[in-house]
Amino acid sequence: MFSTFANAWKVKDIRKKILYVALVLFIFRIGSFIPVPGLDIDILRQEMVGDFGVIGMLVGGELGTIFGMGIGPYITASIIMQLLTVAVPSLERMKKEGAEGRKKIDAITRYLAVGMAAFQAIGMTFSWRSMFVHQNIFVYAVSVLTMMAGTMFILWLAEFLTVKGFGQGTSFIIFANILSALPGGVITLYNASLGSVWNAISVIIIILSIAFIVAFVVLMNEGQRKLPVQYSKKMVGRQMFGGQSSFIPIKVSVGGVLPLIFAMSILGVFGQALMFFPDSEWLANASAFFNMSSWTGAPIYIVLIFAFTFFYASFSINTNEMAENLKKNGGFIPGIRPGKPTSDYIQRTVSRMSWIGASFLAAIAMIPIALEWIFGIPVGFGGTSAIIVVSVALKIIKDLEAQLLMRNYKGFLSN
């Protein structure tokens with residue numbers, strides 16, 4: 001990994017892209033320390049500690065700042081659009097239009113992100129109304145507009161990174177946000193280890209568990225089932241084509257971290273509603289009941305992870321289309337007849353991979369929660385964070401290696 005970065009830094013074009021990434025992340029972190037105008041941020045952090053939620057820790061910035069919502073509204077809008085693309089025929093047709101259709105869907109997603117940003121900013125401002133130095137409608141309006149503008153500026157930074165840097169800009173923003181919370185988690189664990197020998201042993205076990213989670217995520221992130229494909233020979237003119245063998249890769253975790261984010265979003269609905277009605281007792285009870293760290297919310301969390309894993313796999317992998325394409329190109333899976341038997345075979349494989357992937361996601365999500373239950377010490381690093389950090393880190397390395405390989409290839413051709 002370090003040798004890849006060292007080699008990439010020596011190349012001028014790639015070094016420029018790395019500097020673009022560093023500059024954007026620096027701007028993002030600076031904005032995460034600028035408080036919302038008129039808000040007493042010290043009082044806010046004293047009263048709201050622990051209330052930001054896991055989703056906020058993943059895709060949001062520092063609580064009470066102009067980047068406080070982070071890229072969360074855009075992520076929510078993207079999730080909603082993915083679900084609507086399956087449910088609404090017109091959006092499904094738009095998706096199949098190729099690049100032009102994707103542009104239209106991206107534009108709709110951005111407009112929806114503005115609406116989600118407005119909704120979330122109004123909710124936050126309403127719940128913080130007693131913490132503003134001057135409590136009037138003008139101050140509240142400035143707060144809402146400031147946080148909305150902060151979110152859309154972060155989205156612009158992410159798109160700038162995608163164009164000028166390498167990889168997906170949104171992934172870098174989330175990656176940086178998670179890593180920025182790690183020093184605080186390390187300090188928390190260190191302070192927890194000072195109480196007694198048992199506390200020190202507990203912290204050591206937690207650290208070893210986190211190392212195991214990271215290693216397990218790396219293993220499962222690269223895991224896939226390769227379905228062998230054989231292409232029949234055919235004569236075109238005087239030349240023989242085909243007869244080659246290939247494979248269809250089916251990833252263990254088809255949806256990646258999305259099922260976890262879907263599940264957390266559903267469980268966090270009552271917490272979001274509580275921002276608008278902070279005095280509602282039944283909303284507070286519902287939020288506590290569905291809290292994924294509680295004994296009642298954790299089983300529901302696991303069920304939702306499995307449900308969304310299968311749901312995402314069902315519309316992201318079209319087995320009928322795959323079987324039809326194989327048949328058109330003269331390909332077949334050895335021992336399986338073309339057509340519907342091939343489609344059924346691929347579907348069974350996807351279902352088995354989904355069971356394994358969902359079990360993996362549930363285990364990764366629940367290990368940190370179980371450690372907090374057992375030892376009573378905040379772990380500070382969730383399973384979702386581990387999956388995102390490891391996945392983005394591996395993607396960064398692969399992108400750098402691909403750019404280095406492309407440069408060497410071009411150099412070889414020019415010689």
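I looked up L227 and found that its bridge partner in β4 is I248. I note that this is a predicted model, in which local features need pLDDT of at least 70 and side-chain atom pairs count only at pLDDT 80 or more, while totals for chains, interfaces and linings use all residues. Residues are numbered from 1 along each chain as its sequence is written, and side-chain values use heavy atoms, with hydrogens and water left out.

I then followed strand β1 (residues 224–231), which runs antiparallel to β4 and is joined to it by 7 bridges; strands are DSSP runs of E with at least two residues, helices are runs of H or I with at least four, and both are numbered from the N terminus. The open sheet has 3 strands in the order β4-β1-β5 with antiparallel pairing, where two strands pair if DSSP finds at least two bridges between them. Because β4 (245–251) and β5 (331–332) each have a single partner strand, they stand at the edges, and one side of each is left without a neighbour in the sheet.

I next turned to the helices α2 (residues 12–31) and α9 (residues 169–192), which pack at an angle of about 55° with their axes 11 Å apart; axes are lines fitted to C-alpha atoms, for helices over the stretch in contact, and angles run from 0 to 180 degrees between N-to-C directions. I record that V21, V24, L25, F28 and R29 of α2 make the contact with F172, I173, A176, N177 and S180 of α9, contact meaning heavy atoms within 4.5 Å.
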